[in-house]
Amino acid sequence: MTAIHLNNIRKSFGTFDVIKGVDLEISPSEFMVFVGPSGCGKSTLLRLIAGLEDITAGTLAFDDKVVNSLTPSQRGIAMVFQSYALYPHMTVFDNMAFGLKLAKGGTDEIRRRVNEAAEMLQITAYLDRLPKQLSGGQRQRVAIGRAIVRDPKVFLFDEPLSNLDAALRVQTRLEIAKLHAKMHETTMIYVTHDQVEAMTLADRICVLRDGIVEQVGTPLELYEKPQSVFVAGFIGSPKMNFLTEKHADTYRAHTLGVRPEHLEIRPKDGAWNGKLILSENLGSETYLYIDIGAKDPLVVRQDGTASQQPGELLYISPINDNVHRFDQSGRPAAS
Ligand code: ATP
């Protein structure tokens with residue numbers, strides 16, 4: 001089991017600073033997910049850990065060994081990419097066996113390991129096929145299989161499900177969760193911009209913003225106790241509503257954050273009221289968009305289908321005072 005220590009890690013491309021001093025401790029066998037807006041440096045940070053990019057400054061250690069100058073294979077990592085990166089002219093078996101052959105493994109041992117991984121990922125029937133004869137989901141399972149057979153200490157995923165359609169994404173996500181349960185001694189780091197993947201797969205999520213760590217915590221910690229407006233707005237889908245609240249004593253404006261699922265429609269006397277602009281009916285739930293005179297419409301989640309009609313005046317209040325207050329610096333306000 002491998003712990004990963006990042007100490008003031010920096011990465012610049014020329015004069016462009018992409019990673020600006022990241023400190024992070026990843027525990028042995030943890031499933032850590034990196035999330036953040038496009039361009040915040042998630043993939044770059046993963047590639048630095050993998051050894052695919054040189055670290056500009058700082059120390060990266062696996063357990064107590066500094067690995068800054070080691071190659072990916074010396075680090076004992078395996079990586080799965082969004083693009084699968086399979087060899088098109090090789091069969092599935094040969095793709096999966098390739099790394100082991102390079103490492104001069106014995107033929108029987110290679111066959112045993114490939115078969116074991118193929119079984120785990122249910123791709124045994126495709127071992128003789130070429131990648132082009134597989135669906136996207138099957139190709140990604142081969143790519144994962146190729147990583148598994150090498151029995152890595154650290155398993156890295158860079159948006160592995162992005163090229164799959166919605167149904168396959170769900171199925172493959174479940175497979176990755178099962179894989180983590182089976183390979184429970186392997187430390188995993190996973191980059192995604194998908195909320196559901198982050199929330200369901202992670203032991204902990206690291207939210208990155210513009211090359212720095214904004215907050216690290218379990219999915220529930222980030223959902224329940226976001227330490228900034230940024231994290232509050234980033235974690236959760238649909239997004240948290242933000243409103244400006246005038247502070248009665250000081251007239252200092254606080255930002256009030258309320259999640260759509262923490263608002264309800266009242267018969268009268270709401271904290272806010274306004275006209276329904278649009279309702280998005282998803283069958284199991286409905287999102288109501290209400291114009292309360294603020295910059296953005298207030299979004300309210302309701303179970304099931306909604307009976308309210310556009311133009312109707314609605315009264316809205318938070319359920320159980322489930323609101324977040326942030327001060328002008330964007331940090332939680334002392335209330
Ligand atoms: P996305 O979610 O869009 O994939 P990301 O958070 O993974 O984004 P990175 O791919 O890490 O972001 O890129 C971070 C920044 O570094 C971007 O502005 C990108 O243009 C820049 N960058 C990445 N690789 C290089 C490179 N080889 N040379 C110059 N700039 C680079």
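Two strands count as paired here if DSSP finds at least two bridges between them, and the strands themselves (E, at least two residues), like the helices (H or I, at least four), are DSSP runs numbered from the N terminus. The model is a predicted one, so local features need pLDDT of at least 70 and side-chain atom pairs count only at pLDDT 80 or more, while totals for chains, interfaces and linings use all residues. Residues are numbered from 1 along each chain as its sequence is written.

With that settled, six strands make up an open sheet, ordered 6-7-8-3-9-10, with mixed pairing. Its edges are strand 6 (77–81) and strand 10 (212–217), each of which pairs on one side only. On average, neighbouring strands of this sheet are turned by 20° against each other, direction ignored. Inside the order, strand 3 (residues 31–35) runs parallel to strand 8 (residues 187–191) over four bridges, and Phe31 sits opposite Met188 of strand 8.

Strand 1 (residues 4–13) pairs with strand 4 (residues 57–62) in the antiparallel sense over five bridges; here His5 has Ala61 in strand 4 as its bridge partner. Strand 4 also pairs with strand 5 (residues 65–66), again antiparallel, over two bridges, and Phe62 is bridged to Lys65 in strand 5. The hairpin of strands 4 and 5 has two residues between the strands, and Asp63 takes a positive phi near 50° there.

On to the helices. Helix 3 (residues 92–102) packs with helix 5 (residues 136–148) at about 30°, the axes being 7 Å apart; axes are lines fitted to C-alpha atoms, for helices over the stretch in contact, and angles run from 0 to 180 degrees between N-to-C directions. Helix 3 is therefore roughly parallel to helix 5 (the term covers angles under 35 degrees). In the contact, Val92, Asn95, Met96 and Gly99 of helix 3 meet Val142, Gly145 and Arg146 of helix 5, contact meaning C-beta atoms, placed from the backbone, within 7 Å. These residues divide into three nonpolar, three polar and one charged, where Ala, Val, Leu, Ile, Met, Phe, Trp, Tyr, Cys and Pro count as nonpolar, Asp, Glu, Lys and Arg as charged, and the others, Gly among them, as polar. Helix 5 also lies across strand 6 and strand 7 (154–158), at about 175° to strand 6.

Finally, the ligand. The residues around the ligand include Phe13, Lys42 and His193, with a C-beta atom, placed from the backbone, within 6 Å as the criterion. Helix 1 supplies the largest share of this shell, three residues.

Terms used:
Angles under 35 degrees count as roughly parallel, over 145 as roughly antiparallel, 65 to 115 as roughly perpendicular and the rest as oblique. Two residues are in contact if their C-beta atoms, placed from the backbone, lie within 7 Å.
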